[in-house]
Amino acid sequence: MAGVLAANTKTPSPDPELGIEADEYDDNDSALGNLQSSTTSISSSDRLDLQHHFFTLTFDGKLFICNVDKGEKQVYRVLDAGCGTGIWAIDFADEHPDAEVPGIDLSPIQPAFIPPNATFVVDDLEQEWAFSNKFDFIYMRMLSASILDFPAMFKNSFENLNPGGYIELADKCLPMLSDDGSLLPTSALQQWSDFTIEGTSEVGRSITAASEYKKQPEEASFINVVETGTNGRQTPGQKIQRLWTYENLAPGLEGFSLGLFTRVKGWKKVRNDMNDRKIHAYLPIYVASGQKPPEEP
Ligand SMILES: C[S@@+](CC[C@H](N)C(=O)[O-])C[C@H]1O[C@@H](n2cnc3c(N)ncnc32)[C@H](O)[C@@H]1O
């Protein structure tokens, strides 16, 4: 990670808090990264862990923003809903050794070596919630485009919290922005962004779900709902926001765009074209063979 951040050496004055360069627009900077780093491939688990690191950098090392552990009430049970690799739950469990921290996810991608107060369960958040005990804190991060029915999720969260308990959500939200107008409406990146918004909303798992994160919890009877974060603006380390966006999107771009663009947005057109005999399209076939050198007589 340090290597990734240290790679950007153009700006002279370092940000003392984040340990990265101060912001400066530079025409030689690409919006999100460069071709060289786009060839770097990281697994989706690594991507989630890297994303966790960017989150904590953005929020001054904090794992959450709300006041859940500020009052007299002890935080005993904490749910990391859609925990991914479980990195947030693990860090929370380490920081709060008295709390029980279950994490649930559809995928068993969590490590085996975990703090004694963290546990991981494979479960579906979109099915009925059947926890035997209620929680003091429910944390959900980067679940937009995953969840079909956020209002139901907020209702379930409400019902599964102890009185006075907190929910906190953290997410990225499209459309992409540029404060200096360098992201042109005609750019491919903008079109990708628009297309992704359209496609995810057509399947009901909107990538813009975070824009409702104030309204929907209020509708589910939560009180003191506060919207914070960076609200679209870039945080003190502007480059880190771009680096984050790039490192988060680039490695997974093909994976999450292909299905969406073919099955959801373009599927019918593609299939119609395939059935159209006036279109003489084909896929080239490559045949390759090789021979092991024969033995010398
Ligand atoms: C982008 S990842 C975020 C992971 C983690 N919250 C983090 O911030 O590192 C979204 C996670 O949600 C999980 N997920 C999606 N739909 C889910 C569901 N219905 N029930 C449980 N987990 C779900 C996925 O398996 C994935 O691990």
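Tutor: Helix H3 (44-58), helix H4 and strand S4 each supply at least two residues of the shell around the ligand. Helices (H or I, at least four residues) and strands (E, at least two) are DSSP runs, numbered from the N terminus. This is a predicted model: local features need pLDDT of at least 70, side-chain atom pairs count only at pLDDT 80 or more, and totals for chains, interfaces and linings use all residues. Residues are numbered from 1 along each chain as its sequence is written.

H3 gives the most to the shell, with 3 residues. In total, 19 residues surround the ligand; a residue is near if its C-beta atom, placed from the backbone, lies within 6 Å of the molecule. The closest are Gly82, Gly84, Leu125, Arg141 and Ser146. By type, the shell holds 9 nonpolar, 6 polar and 4 charged residues. Ala, Val, Leu, Ile, Met, Phe, Trp, Tyr, Cys and Pro count as nonpolar, Asp, Glu, Lys and Arg as charged, and the others, Gly among them, as polar.

Now the sheet. It is open, with 5 strands in the order S5-S4-S3-S6-S7 and parallel pairing; two strands pair if DSSP finds at least two bridges between them. S5 (118-122) and S7 (161-170) stand at the edges with a single partner strand each, so one side of each has no neighbour in the sheet.

S4 (residues 101-105) is joined to S3 (residues 78-81) by 2 bridges. Ala81 has Ile104 in S4 as its bridge partner.
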